[in-house]
Each structure stands twice: as structure tokens, then as C-alpha cells.
Amino acid sequence: MTKVDYSTRGRIAVIAFQSPPVNSLGFALRRDLLLALERAVADDGVEGVVLIGSNATFSAGADIREFGGPDMRRGPSLWTLNSFLERMTKPAVAAIEGMALGGGLELAMSCHHRVALTNAKIGLPEVKLGLLPGAGGTQRLPRLIGVEGALNVMLSGEPLPVTLFAKSPLFDKVVESGLIDAAVSVAEASAAALKSGKVLPRARDMKVREPDVQALCQFARNTAKVAFKEYPAPLSIIDAVQFGAENSFDAGLAEEGRLFKQLMDGPVSAALRHVFFAERAASRIDDIPPDIKSRDVKSVAIIGAGTMGTGIAINFLNAGIPVRLLELNKDALDRGVGRIREVYEGQVKKGKLDSAKMESRMGLLTPVLEYPAIKDVDLVIEAVFEEMSVKEKVFRTLDSTVRQGAILATNTSTLDVNHIAGFTSRPQDVIGLHFFSPANVMRLLEVVRGAKTTPDVLATATTLSKKIKKTAVVSGVCDGFIGNRMIHHYSAQAMQMINEGASPEQIDRAVEKFGFAMGPFRMGDLAGNDIGWHIRKRQYEEGSLKVRQVIADKLCELGRFGQKTGAGWYDYKKGDRTAYPSTVVSTIIDEARKAAGTPLRKLDDREIVDRLVYALVNEGARILEEKIAQRASDIDIVYLMGYGFPIWRGGPMHYADSQTLYEVSRRMQSFATQPGGDHEFWKPASLIEHLSAEGRSFTGGVA
Ligand code: 3H9
């Protein structure tokens with residue numbers, strides 16, 4: 001609950017504020033803080049004020065939940081509060097522990113003095129939300145620590161130790177302990193100095209000490225243009241700093257306010273704010289109480305020492321959790337251990353890891369050749385060949401060897417987790433943990449909830465994901481779960497557009513221009529086209545995939561699996577990952593088009609992008625209808641972290657919302673009715689129709 005406590009220490013008022021969990025400066029806190037400050041000003045017995053956050057932290061800044069809503073405009077704004085503080089005729093001291101971020105640091109910089117604990121951190125992370133510090137940060141920080149330092153703080157957005165700034169005017173004192181005492185004594189000394197004729201120090205009155213602001217800002221601008229291509233906030237930060245340095249403080253504040261509003265109203269900040277909340281929402285499992293007890297995971301076994309198994313193992317070794325790597329073939333096991341060592345050696349060479357740490361991580365790895373050697377572990381993750389009969393063998397063996405109470409996980413990317421759980425006598429302990437390749441790099445982890453998986457097993461998986469630095473998204477069981485089920489529809493559209501006249505290069509280029517890390521064909525070549533082929537063959541057999549992907553299958557029949565075979569949708573030269581257009585592929589495409597007899601036409605980039613993205617969106621909507629995903633923002637996280645969807649567009653579901661679901665639905669219908677259009681494919685999911693009719697969106701309920 002938001003609360004502001006007012007007490008006095010001698011002639012100093014101590015204003016302790018709280019707004020759990022991070023003391024964000026929402027409307028109620030701003031209102032109560034201003035009231036407390038007014039009380040201190042009016043009290044003749046008070047000579048100064050100390051502002052301190054409760055719950056061991058100062059403040060994480062403005063309340064992001066208010067952005068874009070009416071509360072942002074309610075009561076005193078942060079500008080009003082800061083301006084009141086700065087113009088007070090009694091000294092105000094910010095006492096900082098924990099974090100002072102964003103608007104929290106801006107509040108502190110509006111005080112006349114700042115005192116911090118040595119382990120506290122400060123930062124202006126607005127850039128990560130597509131914003132600039134909009135409550136005076138772009139003007140006060142350059143005056144307190146210099147233009148270059150301030151630009152570094154604002155452009156990185158990282159929280160930094162206060163000790164870095166201990167000698168600058170940003171801090172009067174940095175103390176090991178006794179924060180309140182130190183802050184009160186700074187306030188008392190300042191009040192005494194005031195009586196003897198000194199003026200209160202204010203950031204607004206300081207000169208910007210930089211010999212050539214214009215040159216420095218131009219240099220920063222050139223760098224930012226390359227580093228943050230699609231993001232407008234970094235350039236706005238530089239503009240606001242330069243404007244304030246070359247004009248007056250007040251003119252700088254006005255320019256900062258104008259730019260802040262512009263960014264706040266823009267699509268990039270809306271997307272990044274959505275991502276901020278989406279990441280945090282993903283860890284919540286709606287029907288499981290947050291206080292459910294997880295199982296202890298102190299040891300892990302990984303079955304399969306291939307690329308996936310070893311990648312998964314590295315995550316646990318990095319987190320200090322011992323791993324037993326099981327492979328029945330000695331050579332394959334040795335190769336797996338060698339691969340893990342190679343990854344670590346690469347990191348040592350790049351200076352990202354020291355040799356001692358590498359050896360201690362390798363020391364946590366035990367290669368084993370038989371199942372009894374893993375019988376007492378807490379968690380097993382199977383990463384063997386993607387074939388039900390192979391999984392069956394592994395899970396039946398696990399069931400008969402591994403201790404009761406251990407969690408048995410499969411890393412399958414498409415197979416039925418319930419079916420796999422059925423190979424054991426303990427389906428309640430079975431779960432899917434779908435890592436993405438390379439498993440030691442990609443942040444996404446799809447946690448697949450079987451029909452019988454118990455809540456504590458699920459909770460253990462999500463808790464563990466944080467320990468191994470993954471973002472977990474819970475998915476129900478279906479073919480391909482959230483990510484691969486959707487990508488299947490995306491790929492089908494890409495193939496369909498080739499049949500209609502587009503080339504792989506044109507499709508890749510269009511979608512990369514939209515912001516995807518890689519187009520579908522370059523992605524296939526990187527991941528290995530044989531993976532999709534293997535899945536398609538199973539789906540043709542089961543009858544779940546009715547339209548044969550003739551061109552893609554032909555490529556695989558010729559062994560064109562992608563980069564690893566030197567040929568795929570593109571040609572590759574040895575030691576060179578550049579994708580060169582292939583005459584072999586264009587001949588295969590020509591022949592397939594002739595055989596199909598589809599009339600060819602020119603597709604423009606907009607159609608290509610819309611068809612690919614809306615194919616994802618339509619299937620995403622069905623996934624929501626079927627409750628495979630808990631919420632639309634989870635689908636966005638899967639695509640942002642696992643499939644290279646541009647972060648600044650917020651994910652496919654947020655992107656669809658930004659276009660309005662009415663327009664999305666109309667566009668789908670236009671694809672259905674154009675020559676050769678696939679009516680069944682482009683029938684908008686009923687959720688889209690239903691939300692659109694009510695003027696609602698997929699993600700409206702989350703952010
Ligand atoms: C700003 O200040 C603009 C100004 O310049 C101008 C204004 C005019 N607001 O991350 P966690 C919630 S922009 C509302 O899991 P951690 C978060 O959603 C702001 N809520 O914990 C979560 O809620 P839930 C600039 C916030 O320990 C809970 O707190 N500031 C805010 O890993 C715990 O968060 C930032 O950008 C907020 N400002 O990390 C700071 N911050 O439990 C953003 C957090 O319901 N925040 N919440 O899911 C962070 O970087 C991290 O949350 C922090 C704690 C480092 C503070």
C-alpha cells in the first residue's frame with residue numbers, strides 16, 4: 001500500500017515513502033509526497049527535509065503502469081514535485097539505498113543534496129522503455145556529472161554503482177551504513193550554511209562544463225544511429241542534452257518534455273512497455289498459487305550428448321548445478337564433453353570467462369554411460385532423437401531407474417508430451433522443457449504442461465528457469481506447442497508465396513526489412529532444413545499436413561539441408577556464411593511452379609510481410625482460443641525471444657493490436673479472396689472476429 005510517513009529528527013523532517021514492491025512514483029505517492037513536503041515547509045520547527053524510500057530501496061521511477069492512462073495526469077506530476085523540491089527554501093536531502101532509477105533518480109537530483117549507501121545503484125533506464133528521462137534527467141544529470149558521463153548513463157540505461165559517482169556533485173556523501181544519520185547531518189549542515197548566507201545548491205544553477213557540446217553530441221549521434229537503428233529514444237536523449245546545454249536549463253526542460261511526449265505517443269515505446277510487462281507476466285501461472293513449494297533441484301541428468309544436450313548442460317553448469325551427461329556410446333559422449341569444453345574455451349579466449357571458472361564449471365560435469373549412474377538425480381532432461389519410439393525407450397528406462405519424486409522432462413519440440421508421459425508410471429512428474437538452439441544462448445524456454453503434470457513440477461520448472469537465466473513461457477500440449485505450431489503456418493505462407501511468384505531472396509529481404517533477425521529461408525538454412533522435413537514426413541503420415549511442400553521436400557531429397565551441407569535454399573562457400581542465390585533452387589522452383597500450373601504474379605513487400613505476420617497472428621489467436629497459451633503476451637515473448645521477431649514491434653500479437661484487429665481481419669479476408677487465395681487458411685480465428693467486434697485487442701488486458 002502506498003504510504004508516506006512524516007517524522008522529525010530534531011529540526012529535520014524525515015519523509016519515508018513506500019509503494020510496494022519498488023516504490024514507483026504513481027499518482028497517490030506523488031500526491032502524498034507533495035503534501036508531506038508542504039507540511040515541512042509550513043512547519044517553523046523544521047529546517048530541512050530527508051526523503052527516504054522504505055523497503056530497502058529508494059524508487060524504481062515513474063509508475064510504468066500509469067503510462068498512457070489517466071492516472072499519469074492525476075494530481076501533481078513528477079515535474080511539479082521536482083520543481084517544488086528544487087525551489088524549497090529549506091534543504092532537501094535524498095537518502096538512497098537499493099536503487100534510484102528513472103524518475104526516482106530524477107526526484108533525487110531535484111533535491112539539494114544526495115547521500116547514498118555504498119552498495120546502492122542509480123540509473124536512468126527509460127531508454128529501455130523507448131523513452132527519455134522526462135522529469136529533468138536529461139538536464140540535471142549532465143550538470144552534475146558532465147555531458148559524456150550523463151550520455152553514457154542514459155544511453156546504456158544500466159543501473160550503476162553509486163561509488164562510480166562518489167566524487168562528483170551527484171553525491172554529498174557515500175556511506176557504508178547509517179544512511180539516515182548521514183542524511184540528517186547533511187541536512188543540518190546545509191541548514192546552518194543557509195543561515196550563514198550560503199545559497200542552496202541546485203542542479204539547475206550549475207553550468208554544463210563541456211568545451212564542445214556540439215562535437216561530443218554529434219559523435220554520440222553517429223554512434224547511436226548505427227547501434228540503435230530502429231529506436232528513436234537514444235537520438236532524442238542526445239538532442240535534449242545538447243539543447244539544454246546550448247540554451248537555458250528551462251528551455252532544456254521544455255524540450256525534454258516535448259520529446260518525452262513524442263516518444264510516449266510513438267509505437268516503439270508502446271511496444272517496449274508491452275514487452276516489459278509481458279516478460280514479467282510470463283512467469284505467472286494463472287491457476288497455480290504463487291506460494292506453492294517448488295521441488296529442490298540440486299542435480300540434473302541430461303540424456304543425449306548432441307548439440308542440444310550439451311547446450312542444455314551448459315546452462316546448468318553456468319548456474320553451479322552439477323550435471324551428469326548420459327550417452328550410451330563412449331565416442332559420442334567424449335565428443336559431447338569436448339563440445340562443452342570448446343564453448344568454454346571460446347569464452348575464455350574472448351575474455352568473457354577466466355580459466356579458473358571454466359575448470360570449476362567443467363568440474364561439475366560428470367560424463368556417464370549407463371542409466372543406473374543417474375538414478376538419484378532431481379531432474380532428468382531427455383534430449384535424444386525426435387522420434388516417438390526413441391523417446392519411449394528412454395522414458396520407460398527412466399521410469400524403472402530414476403528415483404521417485406524426480407522430475408522427468410523431455411526436450412521435444414513437437415511430440416505429444418502426454419503420450420511421452422504415458423510411457424511412465426508417474427505422468428504427474430513428467431513435463432516438457434523445450435530449449436531453443438543454441439540452447440546455451442537462446443533465452444526462451446517453453447515449459448510444456450502435460451495433462452497430468454502437477455502444479456509443484458510446473459512451479460519448479462519456472463523457478464529453475466530463472467536460476468538458469470531463461471524466460472519461461474508455459475504452453476499446453478499440441479503439435480509444435482506455441483512457437484513451432486505458429487512457425488509452421490508462417491513457413492506454409494512463405495512456401496505459398498514462392499508458388500505464386502516470389503523468390504526466397506525477396507521474401508527474406510522483405511521480412512528482414514520489417515525487422516526480423518532472419519527471413520524464413522535463411523533461418524531454415526541456419527537451423528537445418530532436415531529438421532522441418534523430418535516433422536513434415538511424420539505429419540504427412542499422420543494426415544495432419546495435407547498440402548505437400550514439394551519444393552522444400554525436393555531440396556531435402558537432394559541433401560540441401562542448409563549451411564551445414566554447404567547448400568540449402570541458398571548456396572554457401574566454405575568458411576563463409578553469406579547466402580548466395582542458387583540456380584539449382586531456382587530451377588527446382590520453376591519446375592514445381594510449372595507442374596502446379598499456378599499463375600505467377602508480382603508480390604510486393606507489404607503483402608509478403610503481412611501474409612507472414614498475419615499467418616502467425618491467426619494461429620496465435622487459435623492457440624489462445626484453445627488455451628494452449630495463457631495470454632497473448634506469452635506468445636509475443638515466444639516470438640521475441642525464440643524466433644527473432646523485432647523487439648521494437650512488441651511481438652506478433654501486440655503488432656496485430658497496433659494495426660487494430662478489424663484491419664487485420666479485413667486484410668486476411670483480402671488474402672482469401674485474391675486469385676488463388678486460400679479461404680480456409682485465411683479465415684480469421686473466431687477470437688479475432690469476436691475481439692474486433694467489441695473494439696478490443698489481444699493484449700489489452702495485460703499491460
Ligand atoms: C520513468 O521513470 C519516466 C520518468 O523519467 C519521467 C516520468 C514523467 N513501475 O523486475 P521485477 C514492478 S520510466 C511500475 O520482477 P526485479 C514489476 O512490474 C521508469 N511497476 O523485479 C514487477 O511487478 P509484478 C524508469 C514496476 O527485482 C515488480 O515491480 N524505471 C516498476 O528483478 C518487480 O519487478 C524503470 O524502467 C515501475 N517503474 O527488478 C525501472 N518497476 O511483480 C524498471 C518494477 O506485478 N524496473 N515494477 O510482475 C526494473 O528495472 C526492475 O523492475 C527493477 C527490479 C530493477 C526495479
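Guide: We'll go through the ligand, its pocket, the cavities and a few backbone details. This is a predicted model, where local features need pLDDT of at least 70 and side-chain atom pairs count only at pLDDT 80 or more, while totals for chains, interfaces and linings use all residues. Residues are numbered from 1 along each chain as its sequence is written, and side-chain values use heavy atoms, with hydrogens and water left out.

Visitor: How do I read the polar atom pairs at the ligand?

Guide: A polar contact is a pair of N or O atoms within 3.5 Å; within protein, one must be able to donate a hydrogen and the other to accept it, and residues adjacent in sequence count only if both atoms are side-chain atoms. At the ligand, a backbone N or O atom of alanine 60 lies 2.8 Å from a ligand nitrogen. A polar backbone atom of glycine 103 is 2.8 Å from a ligand oxygen. From the side chain of glutamate 126, an N or O atom is 2.6 Å from an oxygen of the ligand.

Visitor: How much of the ligand does the protein bury?

Guide: Accessible areas come from the Shrake-Rupley method with a 1.4 Å probe; for residues, only the protein chains shown count as cover. Taken alone, the ligand exposes 1,000 Å², and the protein buries 73% of that.

Visitor: Which pocket does the ligand take up?

Guide: On a 1 Å grid over the protein atoms alone, a pocket is an open set of points with protein on both sides within 12 Å along at least five of seven lines, whereas a cavity is a set where a 1.4 Å probe fits but cannot get out; lining residues have an atom within 4 Å of a point. A molecule sits in one if more than half of its atoms lie within 2 Å of its grid points. The ligand takes up the second largest pocket.

Visitor: What volume does that pocket have?

Guide: Grid points are joined across faces, edges and corners, and a volume is the space filled by probe spheres set on the points. The second largest pocket comes to about 1,300 Å³. It has 50 lining residues, with Ala60, Ile64, Leu129, Phe276 and Arg280 closest to its centre. Helix 10 provides the largest share of that lining, seven residues. By class, the lining has 30 nonpolar, nine polar and 11 charged residues.

Visitor: How many cavities of 30 Å³ or more are there?

Guide: The count is two. The largest cavity has a volume of about 40 Å³, and its lining holds seven nonpolar residues, one polar and no charged. Helix 16 (455-467) gives the most to that lining, with four residues. The second largest cavity holds about 30 Å³ of space, and Phe316, Leu433 and Phe435 are among its lining residues. Helix 16 again gives the most there, with three residues.

Visitor: Where are the cis peptide bonds?

Guide: One joins proline 20 and proline 21, with omega about 0°, and proline 21 sits in the loop between strand 2 (12-18) and helix 1 (27-42). Another runs from serine 437 to proline 438, with omega near -10°.

Visitor: Which residue has a positive phi although it is not a glycine?

Guide: Asparagine 23 does, at about 55°. You'll find asparagine 23 in the loop between strand 2 and helix 1.

Technical notes: Helices (H or I, at least four residues) and strands (E, at least two) are DSSP runs, numbered from the N terminus. Ala, Val, Leu, Ile, Met, Phe, Trp, Tyr, Cys and Pro count as nonpolar, Asp, Glu, Lys and Arg as charged, and the others, Gly among them, as polar.
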